[in-house]
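Please open the model in your viewer and keep the selection panel at hand. The tour below moves from one selection to the next and says what is there.

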Amino acid sequence: MKFELKAQDSQSKARAGKITTDHGVIETPIFMPVGTVATVKGVHQRELKDDINPDIILGNTYHLYLRPQTHVLEKSGGLHKFMNWDRNILTDSGGYQVYSLSANRKIKEEGVKFKSHIDGSYHTFTPENVMEIQRTIGADIIMAFDECTPYPCDYNYAKRSMHMTHRWLDRCINHLDKTPLKYNYNQAFFPIVQGSTYKDLRKQSAEYIANSGAVGNAIGGLSVGEPAEEMYAMTDVVCSILPEDKPRYLMGVGTPINILENIALGVDMFDCVMPTRNARNGMLFTAYGTINIKNLKWAEDFSPIDDMGITFVDTEYSKAYLRHLFTVNELLGKQIATIHNLGFYLWLVREARKHILAGDFKIWKDKMVKQMNNRL
Ligand code: PRF
């Protein structure tokens, strides 16, 4: 994997860059649509490619390991072939889902024993087997196995957990070195900074992660319920320590406003279920604020969903029609809303990139943050 910095904003810490992998180029800042179980929910791969057009999507080790299971992915020739997606994929390690989804889990130095949320069966994730599973899934970027601490988190717990995440990182790196690639393309490995909402821990973790010499670095443990200002303070500390010449990925973030504010602090990559999950609940993101399309006020509004027309659905369908689809609980409503939201998120990061390159990112960002705060 190669990362080139193309521009740095003079009024903020925003950067524009270019990542190159064996599956192509990723222009940063980037938002990665979440495709948890080998599908970006509700969107055909053709629509994803032609209409939303992201350079990279995300998959989840935890989910893919449980279903369809790694032997199926291996037999199909890896996740790209299985799901018919020939662009980049990043897999998260399960270091988050194991905590948020599994019914029971026991965290020990060796790893995490958990109960499947599907059938109640017991499994264990260790730094070693998670590296092997990610080799078999075959994403272009794979993540370290970490513990994502909850919020709020007691200082001593956060400190002990961070040190364990660091020891797990060493085990990930050792094991990955011994685990051959399964397919004919490379995989980049990203370690993850933890440390909850404590500046001294974040600093210590960022230093440890920076020293591991990885080709890219991630920030975990944020957007877990803390106030946005605390998240920004942590991102700021961490970005001031992580190497400038490597991409920085803020995991699981966030709202359009969170994304712009974190770009301004030096983050290059994002993922979040928000545009897809909220779409399925009738919430639309636009440049002028959010819309609850289920609201009665749209019942006879025959204007386009979004007259900016970023994706075809925005101008081909009216708000009244989309509201109707939600009212009668039709699948198409969820599909239209998902295409709209993902189109908007991708537009937002592309626009951010344009403004970083043009040198007026900060002014544009401040204007957008104000506008997007509205409820329409
Ligand atoms: N760790 C991992 N994945 C994640 C997170 C984390 O801390 C988060 C936190 N927002 C989202 N996804 N491995």
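Which residues does histidine 175 touch, not counting residues up to four places away in sequence? Select histidine 175 together with Glu128, Met131 and Glu132, since these are the residues that it touches, a contact being heavy atoms within 4.5 Å.

Before going on, note that this is a predicted model, in which local features need pLDDT of at least 70 and side-chain atom pairs count only at pLDDT 80 or more, whereas totals for chains, interfaces and linings use all residues. Residues are numbered from 1 along each chain as its sequence is written, and side-chain values use heavy atoms, with hydrogens and water left out.

Stay with histidine 175, which belongs to helix H7 (residues 155-178); helices (H or I, at least four residues) and strands (E, at least two) are DSSP runs numbered from the N terminus. Histidine 175 has a relative accessible area of 16% and is therefore buried, the term meaning under 20% relative accessible area with a 1.4 Å probe and protein chains only.

Next, select strand E5 (residues 56-60), where five of five residues are buried. Ile56, Leu58 and Asn60 lie on one side of E5 and Ile57 and Gly59 on the other, so that both faces are covered.

Now show the open sheet of four strands, whose order is E5-E6-E10-E11 with parallel pairing. E5 and strand E11 (188-190) are at the edges and have a single partner strand each, so one side of each is left without a neighbour in the sheet. From one strand to the next the twist averages 25°. Strand E10 (residues 141-143) pairs with E11 over three bridges, and isoleucine 141 has alanine 188 as its bridge partner in E11.

Finally, turn to the largest nonpolar core, which has 106 residues; among those touching the most other members are Phe31, Leu90, Met143 and Met269. Such a core is a set of buried Ala, Val, Leu, Ile, Met, Phe, Trp, Tyr and Cys residues joined through side-chain atoms within 4.5 Å. Helix H14 (residues 331-358) gives the most to this core, with 12 residues. End at methionine 269, whose contacts include Leu90, Ile141, Phe190 and Tyr249.

Note on methods
Buried < 20%, exposed > 50% of the residue type's maximum accessible area, 1.4 Å probe, protein only. Pairing = 2+ DSSP bridges. Axes fitted to C-alpha atoms, helices over the stretch in contact; angles between N-to-C directions.
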